[in-house]
Structures are given as structure tokens and as C-alpha cells.
Amino acid sequence: WWGPGDREPCGRLFNETPPPPGQRRKWEDWEFPYYTAWTIAIIMLTVGLSSKPDTRIDHWARRQAIIRMRKE
């Protein structure tokens, strides 16, 4: 773990060499499915948690109290 690595640190992120000017970095095979899955998971959690039913006991009790007061 703390031993010397097979490459010396060069000061670049993940020790990658930057692409030549005018070219973009090519994605690895795992990057597209990884980013896509995280994006879908975040969207599902955002939509799912914002539309979940309200099951708090104090809100239920308030609604029941209002219904009973209107009946009287």
C-alpha cells in the first residue's frame, strides 16, 4: 500500500497524459454506463421521494380532527 508505485507521480489527475490540442479525451468502457446509471438513480430518487405519500401521524390526526369538526 505504501510502497513505491510502478509510475512516478507527474502532477496530473489519475496520472493521465492530456490529449493533444484540439482533441478530446476518449472515455473508458466503464464510464458511460456508470454515469448513465448514476443519473437515472438520482432522477428516480428525486421524483420518487418528492411524490411519496404523506404518512406522518400528526398530519393524519390533523385531517381527522378537521373532518370530525366539520361533522359537528
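**View 1. Tyr34 is partly exposed, with a relative accessible area of 43%.** Here, buried stands for under 20% relative accessible area, exposed for over 50%, and partly exposed for what lies in between, using a 1.4 Å probe and protein chains only. This is a predicted model, so local features need pLDDT of at least 70 and side-chain atom pairs count only at pLDDT 80 or more, while totals for chains, interfaces and linings use all residues. Residues are numbered from 1 along each chain as its sequence is written, and side-chain values use heavy atoms, with hydrogens and water left out.

**View 2. Let's look at the rings: the structure holds five aromatic pairs.** In one of them, the ring centres of Trp27 and Tyr35 lie 5.5 Å apart and the planes meet at 70°, so this pair is edge-to-face. Tyr34 and Tyr35 also make an edge-to-face pair, with 5.7 Å from centre to centre and 70° between the planes. Rings of Phe, Tyr and Trp (its six-membered ring) pair if their centres lie within 6.5 Å; planes under 30 degrees apart are called stacked, over 60 edge-to-face, and the rest tilted. How exposed are the two partners Trp27 and Tyr35? Trp27 is partly exposed at 44% relative accessible area, and Tyr35 is partly exposed at 38%. Ring pairs join Trp27, Trp30, Tyr34, Tyr35 and Trp38 into a cluster.

**View 3. A nonpolar patch on the surface is formed by Trp27, Trp30, Phe32, Tyr34, Tyr35, Trp38 and Ile42.** Together these residues have about 850 Å² of accessible area, a value from the Shrake-Rupley method with a 1.4 Å probe, where only the protein chains shown count as cover for residues. Patch members have over 30% relative accessible area and no salt bridge; nonpolar side chains (Val, Leu, Ile, Met, Phe, Trp, Tyr) are joined within 5 Å, and like charges within 9 Å. Ile42 sits in helix α1, residues 31-50, and is partly exposed at 49% relative accessibility.

**View 4. Glu16, Arg25 and Glu31 are linked in a network of salt bridges.** A salt bridge is a side-chain nitrogen of Lys or Arg within 4 Å of a carboxyl oxygen of Asp or Glu. Arg25 bonds in this way with Glu16, where the closest N and O atoms are 4.0 Å apart, and with Glu31 at 2.8 Å, N to O. Is Glu31 buried or exposed? Glu31 counts as buried, at 4% relative accessibility. Arg25 is partly exposed at 39%, and Glu16 is partly exposed at 34%.

**View 5. Arg56 and Asp54 meet in a salt bridge through their side chains (3.5 Å, N to O).** Arg56 is partly exposed at 49% relative accessibility, and Asp54 is partly exposed at 36%. A search of the whole structure finds three salt bridges.

**View 6. The UniProt record (unreviewed entry) places a "transmembrane region" at residues 32-50.** UniProt positions follow the numbering used here, feature names are shortened, and annotations may be inferred rather than shown by experiment. Over residues 32-50 the chain is 100% helix and 0% strand, with the end C-alpha atoms 27 Å apart. Helices (H or I, at least four residues) and strands (E, at least two) are DSSP runs, numbered from the N terminus.
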